[in-house]
Amino acid sequence: MIGTLVRRLWLIPVVLVGWELLARSVANPFLPPPTLIASWMGERWFSGPLLLTDEAVDNFVPSIVRVIGSWAAAVLVGVTLGVAIGRIGRLADYVDPLVEFGRAVPPPAMLPVFLVLFAMGTQVQVATIVFGIIWPILLNSIDGARNVDRMQMETATVFGVPAHLRLFRIILPAASPKIFAGLRLSVSLALILMVISELKGSTDGIGYLLSVASNNADMPGIWAGVVVLGVLGFVLNSLFLMIERRMLGWHRGARRTA
Amino acid sequence: MLEIEDLTHVYGPGTPNEHHAIDGLKLSVAAGELLCIVGPSGCGKSTLLRSIAGLIKPTGGEIRVGGELVRQTPDNLAVVFQDYSRSLFPWMSVADNVALPLRRRGMDKQRRREAAQEALESVGLAEAGRKYPFQLSGGMQQRVAIARALAYRPSLMLMDEPFGSVDAQTREDLEDLVLKVRGHHQMTIVLITHDIDESVYVGDRVVVLSKAPAHVVGDLRVDLPAPRDQITTREHPDFVRLRGEVGRLVRGVDAPAPTA
């Protein structure tokens, strides 16, 4: 356990030490050493009465709520619509080109639209994130629901499995490997869109802190934002993988033996 | 139990790919009978089974199960498919696979669990309930599919080449399993196979279908002594005679008859 951790993580301190040495030797304000970034972070964000300062709470919390809330909304809408479209006859054939087009639009391109459409604030972030990440979810859900093995559906028919169980015990699990492939993409995409939409259209959030630091040429501040975002992305992705592993255990098992 | 009258099925009628799978097939199966249907590959055996199960609507003729005209799957009918790996749900434990259809029987959770366990015990898989299908061998997976059908307590069980995907030893075990369980459950079994020996070994009666479009070309009663045994039954003179007759009918050619 500790052995594998050491094997997997040893490069991180090496890089940090290398960076530190390099930054100190060139002494360029645009390349602050990690110790400086860390002390900046400690002072500004992690010296509050309960660890976090007001600035950290007021900006981290909205970002996290936005990214998780928007992701959940996109998953709910995307999977529901996708499964419905996938199961209704040839509907998917008609809807597919539309979805493909929606997916082909680079998500940040919609940010100016939403900035005009809505007042600056959380609604802009939610709209940008949901609109950006719903496509891979929708597309994979359609694909997964449409391609449920015919024999599995026939088995359900023969044994008179009622409609709601057919949806929750057969169609959704059968489509879940595809659905999860879409969700995996959407997790990282949601974080990217959160940052982009906060850089431009927000008065709080981690992206907003980044843009303020950038305007003030506050190099440690910019790097601190980058670090927080990196950690947030890592945590979200790990959480997702944990859920995926639980839900798709049967799938990996079945594929290994197939 | 099962009455089939002038059954006809054409795939893609009026198209260039029109295919006559079944043509004027007549068949009657008595309650409690174990009927084997044999025929050359691609002769429409599976189409017949899917019609009986209400999975496809035949283009002509009538099928009655227990006197009722089949429009959708009759609720007293269960099917064991050849491809167990696709008909068992890989995301459910073995016990859940067996118990899922029992919701239709109005059983509560406790009853469903007991019935599933009982069915698993009757196919020799008492310990496998918590496992997933992929953790079992092919033969064991097919046993689970049989347990699922048994737990459902059908009056008619259809088996579509149920032992086509397992090795010879397992095949014999499963044949004997079917003979054993039919003694404990009051049900009619229709077993489709392309294996001539198997049809004679398992069946009370063997019906031979022609090449597509399928119709009945032979209907033989099998009066072999019970209980059947993989060694002695297959040595029995009647077995040897019957398998020859069935084989000749399946080939559909005038293979030389034995000189008496």
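Modeller: The account below starts with the interface and then turns to some local features. The model is a predicted one.

In the interface of chain A and chain B, 21 residues of chain A are in contact with 25 residues of chain B. The area buried between chain A and chain B comes to about 2,200 Å². Carbon and sulfur atoms give 69% of that area. On the side of chain A, A:Val158, A:Phe159 and A:Arg169 together supply 32% of the area that chain A buries against chain B, more than any other three residues.

Polar terms are also present. The rule finds 2 salt bridges across the interface of chain A and chain B. In a salt bridge between B:Arg50 and A:Glu154, the side chains meet at 2.8 Å, N to O. Polar contact is found for 3 residue pairs across the interface of chain A and chain B, with both residues at pLDDT 80 or more.

As for the elements involved, α8 (150-158), α9 (163-201) and α12 (249-257) of chain A each supply at least two residues of the side of chain A that touches chain B. The most comes from α8(A), which gives 8 residues to that side. By class, the side of chain A that touches chain B is made up of 11 nonpolar, 6 polar and 4 charged residues.

B:Pro227 is placed in the loop between β10 (216-221) and α8 (232-235) of chain B.

Back in chain A, there is a backbone feature to note at A:Ala217. Phi of A:Ala217 is near 50°, a positive value in a residue other than glycine. A:Ala217 sits in the loop between α10 (206-215) and α11 of chain A.

Over all chains, the structure holds 12 aromatic pairs. The ring centres of A:Trp19 and A:Trp223 are 5.2 Å apart and the ring planes are at 65°, so this pair is edge-to-face. The pair links distant parts of the chain, 204 residues apart: A:Trp19 is in helix α2 (residues 11-26) of chain A, and A:Trp223 is in helix α11 (residues 219-247) of chain A.

Notes
Residues are numbered from 1 along each chain as its sequence is written. Chains are lettered from A and ligands numbered from 1 in the order in which they are written. This is a predicted model: local features need pLDDT of at least 70, side-chain atom pairs count only at pLDDT 80 or more; totals for chains, interfaces and linings use all residues. Side-chain values use heavy atoms; hydrogens and water are left out. Contact means heavy atoms within 4.5 Å. Buried area is the accessible area (1.4 Å probe) that two parts lose on being put together, summed over both. A salt bridge is a side-chain nitrogen of Lys or Arg within 4 Å of a carboxyl oxygen of Asp or Glu. A polar contact is a pair of N or O atoms within 3.5 Å; within protein, one must be able to donate a hydrogen and the other to accept it, and residues adjacent in sequence count only if both atoms are side-chain atoms. Helices (H or I, at least four residues) and strands (E, at least two) are DSSP runs, numbered from the N terminus. Ala, Val, Leu, Ile, Met, Phe, Trp, Tyr, Cys and Pro count as nonpolar, Asp, Glu, Lys and Arg as charged, and the others, Gly among them, as polar. Rings of Phe, Tyr and Trp (its six-membered ring) pair if their centres lie within 6.5 Å; planes under 30 degrees apart count as stacked, over 60 as edge-to-face and the rest as tilted.
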